[in-house]
Every structure is written in C-alpha cells, then in structure tokens.
Amino acid sequence: MAKGIKSKQKDQAVGFTKEVIGMALLLFSILSFLCFITGDVIFYTVGSAVQGFFFGLFGYFAFFVLFGLILLGLRLVIGRPIFNRKTRKYMWLVSALVFFVLAIVHLAIRYDKGLTFGQNFSHAYGNGLYSFATATPCGGVAVLLLQPVSRLASVVGAYIVLSILVVLNTLLIFRDAI
C-alpha cells in the first residue's frame, strides 16, 4: 500500500513540475515576444537587448521560434497536446520549409565564403542587433548550417542541398494531395 501512495505522489510531483516549467516558459516566451515586437518602446534597454538577441540569433525566423516556445509552454501547462498529430506534423514541416527558404535567401544575400566561421557568425549576429531592417533572414543559426555545407560542397553545393531539402519538404507537406 505504501508503494501505491508514493507512486501517486511522484506522479503529482512530475505533473506539478511540468506545469511550473510550462508557466515559466509561457511567461518568458510572451515577454520575449513583446520585447521582440516592440523593441525599446515598452521595456526600454531590456526590450532592445532581447530584440537584438532574437534577431541576431534567429533573424526573421525568430517569429516562428517564439511562436513555437509559446505553444510548448501552453502544452506543458495544459498537460496534453494542443493540436492533433497531423496538424503538428504540418506545423513542423511548414516551419522547416520556411527555415530552408530563408536559409537560401541568407546564402544569396548575406553569406560571404571568404570569412571564417566566427566572422560569418559575428556578421550575421551583429546585423540583427540593430533592427528588423538590418537583420539577416536566418541569423547566426543559418551560419551553423551553411558554413559546413558550403565548405564541403561549395556555395553552389549548398544551394543544391537546400533546394533538395525544400523540394523534399514540400513533397512531404503535399503528399496526400499528390
């Protein structure tokens, strides 16, 4: 009988921990999103720093990252999935498709093969620190993907790899319609 009581208490503690982490993540995500959208208008220096961080690290893809963090926080608080499995799969695939397309744009307009990894990352991150207008499409995260691919397969190879990923992702999204 004692084992059953301990098991129940442990399950309640795990559920409580998930809810607390979910609430903290939800609060952090919503505040980050407000800072991201408004910059230094509401939260002054902190808002500007948060906006610069997200634009620098994720570029325009930061909208998807923050939206995903908000949904993850809601899921942890509620304790069950918000969307059904098929909808979640499509959301992941569309997010990946947008990331790959933005990575192609990043490669086309902001990537410099002559720079080292650190210089490219610093360049991508530094552009996002100032505003929406100067941010890169995928920020520093794109450099993490593009640098190894472009070093191994050249810049043209990186275009080909990203284009193949876009085509495969699009096929996965629309495979029921084909």
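The following dialogue goes through some labels used for this predicted model and the values behind them.

Trainee: What limits apply to the model?

Mentor: Local features need pLDDT of at least 70 and side-chain atom pairs count only at pLDDT 80 or more, while totals for chains, interfaces and linings use all residues. Residues are numbered from 1 along each chain as its sequence is written, and side-chain values use heavy atoms, without hydrogens and water.

Trainee: Why is Leu93 called buried?

Mentor: Buried means under 20% relative accessible area, exposed over 50%, and partly exposed in between, with a 1.4 Å probe and protein chains only. Leu93 has 14% relative accessibility, so Leu93 counts as buried. The residue belongs to helix α4, where helices are DSSP runs of H or I with at least four residues, strands are runs of E with at least two, and numbering starts at the N terminus.

Trainee: Why is Phe28 called partly exposed?

Mentor: Its relative accessible area is 45%, so Phe28 is partly exposed. Phe28 sits in helix α1.

Trainee: Why does Tyr44 count as exposed?

Mentor: Tyr44 reaches 61% relative accessibility and therefore counts as exposed. Tyr44 is part of helix α2, and has a positive phi of about 50° although it is not a glycine.

Trainee: Why does Ser154 count as partly exposed?

Mentor: The value for Ser154 is 31% relative accessibility, so the label is partly exposed. Ser154 is in helix α6 (residues 139–173), and its phi, near 70°, is positive in a residue other than glycine.

Trainee: What makes the nonpolar surface patch?

Mentor: Leu27, Ile30, Leu31, Leu34, Val41, Ile42, Phe43 and Val46 make a patch of about 720 Å². Patch residues have over 30% relative accessible area and no salt bridge; nonpolar side chains (Val, Leu, Ile, Met, Phe, Trp, Tyr) are joined within 5 Å, like charges within 9 Å. A salt bridge is a side-chain nitrogen of Lys or Arg within 4 Å of a carboxyl oxygen of Asp or Glu. Areas follow the Shrake-Rupley method with a 1.4 Å probe, and for residues only the protein chains shown count as cover. Helix α1 (residues 2–38) gives the largest share of the patch, four residues, while Ile42 lies in the loop between α1 and α2 (44–58).
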